[in-house]
Amino acid sequence: HEKGNDWIKYGNDYLKLFKQHGVTLEKINEVLERVKLTDGMQNLFDYVRQNKAKFDLVLLTSTFEYAINYLLKYFKIDDLFNEIFCVKSKIGKPEDDQVIYIYERKKHNCKDCGPCGCKNFDYNEFCENHNMNNYLKTIFICDGNNDFCLAKNLKKNDVVFPRKNYALYNRLFEKEEKNKILCEAIAWTSGNDIINYLKKLL
(Lines give C-alpha, C1' and ligand atoms only; values in the text may rest on other atoms or scores of the structure.)
Protein backbone atom coordinates (compact mmCIF):
# COMPACT_ATOMS: atom_id res chain seq x y z
CA HIS A 1 0.00 0.00 0.00
CA GLU A 2 1.03 3.62 -0.40
CA LYS A 3 1.25 6.09 2.45
CA GLY A 4 -2.11 7.73 3.00
CA ASN A 5 -4.16 4.91 1.55
CA ASP A 6 -6.80 3.20 3.69
CA TRP A 7 -4.57 0.33 4.76
CA ILE A 8 -7.18 -1.27 7.02
CA LYS A 9 -9.75 -1.34 4.22
CA TYR A 10 -7.13 -2.80 1.88
CA GLY A 11 -6.27 -5.47 4.44
CA ASN A 12 -9.90 -6.42 5.03
CA ASP A 13 -10.56 -6.56 1.28
CA TYR A 14 -7.62 -8.94 0.98
CA LEU A 15 -8.97 -11.09 3.82
CA LYS A 16 -12.34 -11.26 2.03
CA LEU A 17 -10.51 -12.73 -0.96
CA PHE A 18 -9.10 -15.39 1.36
CA LYS A 19 -12.61 -16.51 2.24
CA GLN A 20 -13.75 -16.39 -1.38
CA HIS A 21 -10.88 -18.66 -2.38
CA GLY A 22 -11.51 -21.16 0.38
CA VAL A 23 -8.66 -20.11 2.66
CA THR A 24 -9.65 -21.26 6.14
CA LEU A 25 -8.21 -20.37 9.52
CA GLU A 26 -6.57 -23.79 9.58
CA LYS A 27 -4.80 -23.04 6.29
CA ILE A 28 -3.63 -19.70 7.64
CA ASN A 29 -2.25 -21.52 10.69
CA GLU A 30 -0.42 -23.99 8.45
CA VAL A 31 1.32 -21.12 6.69
CA LEU A 32 2.18 -19.41 9.98
CA GLU A 33 3.77 -22.62 11.24
CA ARG A 34 6.22 -22.49 8.34
CA VAL A 35 7.77 -19.37 9.84
CA LYS A 36 11.23 -20.03 11.25
CA LEU A 37 12.95 -18.09 13.98
CA THR A 38 16.02 -16.17 12.84
CA ASP A 39 19.34 -17.77 13.74
CA GLY A 40 20.10 -17.45 17.44
CA MET A 41 16.72 -15.98 18.38
CA GLN A 42 15.65 -19.06 20.36
CA ASN A 43 18.89 -18.67 22.33
CA LEU A 44 18.02 -15.02 22.91
CA PHE A 45 14.53 -15.85 24.15
CA ASP A 46 15.96 -18.54 26.44
CA TYR A 47 18.49 -16.05 27.83
CA VAL A 48 15.77 -13.46 28.47
CA ARG A 49 13.64 -16.10 30.19
CA GLN A 50 16.53 -16.97 32.50
CA ASN A 51 16.92 -13.28 33.37
CA LYS A 52 13.32 -12.12 33.01
CA ALA A 53 13.35 -10.12 36.22
CA LYS A 54 15.89 -7.80 34.57
CA PHE A 55 14.08 -7.24 31.27
CA ASP A 56 10.73 -5.98 30.05
CA LEU A 57 9.94 -7.03 26.47
CA VAL A 58 7.68 -4.92 24.29
CA LEU A 59 6.69 -6.01 20.79
CA LEU A 60 6.04 -3.25 18.23
CA THR A 61 4.67 -4.46 14.91
CA SER A 62 2.31 -3.55 12.08
CA THR A 63 1.26 -7.19 11.75
CA PHE A 64 -2.26 -8.12 12.79
CA GLU A 65 -2.97 -9.48 16.24
CA TYR A 66 -4.11 -12.98 15.32
CA ALA A 67 -0.88 -13.83 13.48
CA ILE A 68 1.31 -12.38 16.22
CA ASN A 69 -0.47 -14.20 19.05
CA TYR A 70 -0.49 -17.47 17.11
CA LEU A 71 3.25 -17.32 16.44
CA LEU A 72 4.16 -16.35 20.00
CA LYS A 73 2.18 -19.30 21.34
CA TYR A 74 3.52 -21.62 18.64
CA PHE A 75 7.10 -20.82 19.65
CA LYS A 76 6.12 -20.87 23.36
CA ILE A 77 7.37 -17.34 23.99
CA ASP A 78 4.06 -15.53 24.56
CA ASP A 79 4.74 -15.31 28.30
CA LEU A 80 7.94 -13.31 27.73
CA PHE A 81 6.28 -10.14 26.43
CA ASN A 82 5.03 -7.48 28.83
CA GLU A 83 3.15 -5.58 26.17
CA ILE A 84 2.29 -5.93 22.47
CA PHE A 85 1.42 -3.11 20.05
CA CYS A 86 -0.08 -4.39 16.79
CA VAL A 87 -3.06 -4.17 14.44
CA LYS A 88 -6.08 -5.43 16.39
CA SER A 89 -8.03 -8.28 14.85
CA LYS A 90 -10.74 -10.84 15.55
CA ILE A 91 -11.75 -14.18 14.07
CA GLY A 92 -14.87 -14.08 11.91
CA LYS A 93 -17.88 -16.33 12.38
CA PRO A 94 -18.46 -19.19 9.89
CA GLU A 95 -21.26 -17.23 8.20
CA ASP A 96 -19.12 -14.08 7.82
CA ASP A 97 -17.46 -13.12 4.54
CA GLN A 98 -14.03 -12.88 6.22
CA VAL A 99 -11.95 -15.37 8.17
CA ILE A 100 -10.27 -12.57 10.12
CA TYR A 101 -11.15 -8.89 10.57
CA ILE A 102 -8.58 -6.17 11.27
CA TYR A 103 -9.27 -2.80 12.86
CA GLU A 104 -8.04 0.78 12.80
CA ARG A 105 -5.07 1.64 14.97
CA LYS A 106 -4.86 4.73 17.14
CA LYS A 107 -4.29 7.82 15.03
CA HIS A 108 -0.79 9.25 15.05
CA ASN A 109 0.59 12.51 13.71
CA CYS A 110 3.86 11.14 12.35
CA LYS A 111 4.53 12.32 8.80
CA ASP A 112 7.10 9.59 8.18
CA CYS A 113 4.91 6.58 9.00
CA GLY A 114 1.89 5.16 7.22
CA PRO A 115 -1.59 4.34 8.56
CA CYS A 116 -0.59 0.85 9.69
CA GLY A 117 1.19 2.41 12.66
CA CYS A 118 4.12 4.39 13.99
CA LYS A 119 6.45 2.52 16.32
CA ASN A 120 7.66 5.73 17.91
CA PHE A 121 4.03 6.60 18.72
CA ASP A 122 3.53 3.16 20.30
CA TYR A 123 6.81 3.41 22.22
CA ASN A 124 5.85 6.82 23.58
CA GLU A 125 2.53 5.37 24.74
CA PHE A 126 4.44 2.67 26.61
CA CYS A 127 6.71 5.30 28.18
CA GLU A 128 3.74 7.39 29.29
CA ASN A 129 2.27 4.39 31.11
CA HIS A 130 5.48 3.31 32.83
CA ASN A 131 8.10 4.92 35.03
CA MET A 132 11.04 4.98 32.64
CA ASN A 133 13.38 5.82 35.52
CA ASN A 134 13.09 2.13 36.39
CA TYR A 135 14.90 1.22 33.18
CA LEU A 136 18.62 1.40 32.52
CA LYS A 137 18.11 1.83 28.77
CA THR A 138 15.98 0.88 25.79
CA ILE A 139 17.37 -1.75 23.45
CA PHE A 140 15.55 -1.70 20.12
CA ILE A 141 16.01 -4.86 18.02
CA CYS A 142 14.73 -4.31 14.49
CA ASP A 143 15.33 -4.60 10.76
CA GLY A 144 12.84 -2.62 8.68
CA ASN A 145 12.69 0.85 7.17
CA ASN A 146 9.65 1.61 9.34
CA ASP A 147 11.90 1.24 12.40
CA PHE A 148 13.83 4.41 11.57
CA CYS A 149 11.22 6.68 13.15
CA LEU A 150 11.70 5.15 16.59
CA ALA A 151 15.46 4.77 16.16
CA LYS A 152 15.93 8.50 15.54
CA ASN A 153 13.90 9.34 18.65
CA LEU A 154 15.80 7.13 21.09
CA LYS A 155 18.08 8.78 23.64
CA LYS A 156 21.86 8.80 23.68
CA ASN A 157 22.00 6.09 26.34
CA ASP A 158 19.78 3.75 24.32
CA VAL A 159 20.84 1.22 21.68
CA VAL A 160 19.34 0.26 18.32
CA PHE A 161 20.19 -3.14 16.83
CA PRO A 162 19.50 -3.05 13.06
CA ARG A 163 19.74 -6.43 11.36
CA LYS A 164 22.72 -6.50 9.00
CA ASN A 165 21.95 -6.07 5.29
CA TYR A 166 18.27 -5.29 5.96
CA ALA A 167 16.50 -2.00 5.31
CA LEU A 168 17.33 -0.12 8.51
CA TYR A 169 20.94 -1.29 8.49
CA ASN A 170 21.33 -0.13 4.90
CA ARG A 171 19.83 3.21 5.78
CA LEU A 172 22.10 3.77 8.76
CA PHE A 173 25.35 2.28 7.47
CA GLU A 174 25.16 2.22 3.67
CA LYS A 175 23.29 5.48 3.11
CA GLU A 176 25.18 7.03 6.03
CA GLU A 177 22.13 8.30 7.92
CA LYS A 178 23.57 7.22 11.27
CA ASN A 179 24.21 10.88 12.06
CA LYS A 180 20.42 11.31 12.32
CA ILE A 181 20.21 9.16 15.44
CA LEU A 182 21.54 9.91 18.91
CA CYS A 183 21.80 6.38 20.26
CA GLU A 184 24.44 3.75 19.59
CA ALA A 185 23.77 1.50 16.56
CA ILE A 186 25.06 -2.09 16.60
CA ALA A 187 24.49 -4.42 13.66
CA TRP A 188 23.33 -7.99 14.32
CA THR A 189 23.09 -11.15 12.24
CA SER A 190 22.20 -13.63 14.97
CA GLY A 191 20.38 -13.50 18.28
CA ASN A 192 23.70 -14.55 19.82
CA ASP A 193 25.12 -11.12 18.91
CA ILE A 194 22.45 -9.52 21.10
CA ILE A 195 23.05 -11.99 23.94
CA ASN A 196 26.74 -11.02 23.97
CA TYR A 197 25.75 -7.38 24.40
CA LEU A 198 23.21 -8.13 27.14
CA LYS A 199 25.77 -10.15 29.10
CA LYS A 200 27.93 -7.04 29.36
CA LEU A 201 25.03 -5.18 30.98
CA LEU A 202 24.25 -7.77 33.63
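Me: On a 1 Å grid over the protein atoms alone, a cavity is a set of points where a 1.4 Å probe fits but cannot get out, and lining residues have an atom within 4 Å of a point. Which residues line the largest cavity?

Reply: This is a predicted model, in which local features need pLDDT of at least 70 and side-chain atom pairs pLDDT 80 or more, while totals for chains, interfaces and linings use all residues. Residues are numbered from 1 along each chain as its sequence is written, and side-chain values use heavy atoms, without hydrogens and water. The lining of the largest cavity consists of Thr-61, Ser-62, Arg-105, Cys-116, Gly-117, Cys-118, Lys-119, Asp-122 and Asn-146. The cavity has a volume of about 30 Å³, a volume being the space filled by probe spheres set on grid points joined across faces, edges and corners. At least two of the lining residues come from each of β1 (57-64) and α5 (119-128); helices (H or I, at least four residues) and strands (E, at least two) are DSSP runs, numbered from the N terminus.

Me: What makes α5 largely enclosed by the rest of the structure?

Reply: Seven of its ten residues are buried, so the rest of the structure largely encloses α5. Buried means under 20% relative accessible area, exposed over 50%, and partly exposed in between (1.4 Å probe, protein chains only). The buried residues are Lys-119, Asn-120, Asp-122, Tyr-123, Glu-125, Phe-126 and Cys-127. Their cover includes β1, β2 (81-87), β5 (139-142) and α6 (148-151), judged by contact (heavy atoms within 4.5 Å).

Me: Why is the pair of Asp-122 and Arg-105 called a salt bridge?

Reply: A salt bridge is a side-chain nitrogen of Lys or Arg within 4 Å of a carboxyl oxygen of Asp or Glu. The closest N and O atoms of Asp-122 and Arg-105 are 2.8 Å apart, so the pair qualifies. Asp-122 lies in helix α5 and Arg-105 in the loop between β4 (100-102) and α5, 17 residues apart. Both residues are buried, and both line the largest cavity.

Me: How do you know that Asp-112 and Lys-152 tie together parts that are 40 residues apart in sequence?

Reply: These residues form a salt bridge, with the closest N and O atoms 2.8 Å apart. Asp-112 lies in the loop between β4 and α5, and Lys-152 in the loop between α6 and β6 (159-162), so the pair joins parts 40 residues apart in sequence.

How values were computed:
On a 1 Å grid over the protein atoms alone, a cavity is a set of points where a 1.4 Å probe fits but cannot get out, and a pocket is an open set with protein on both sides within 12 Å along at least five of seven lines; lining residues have an atom within 4 Å of a point.
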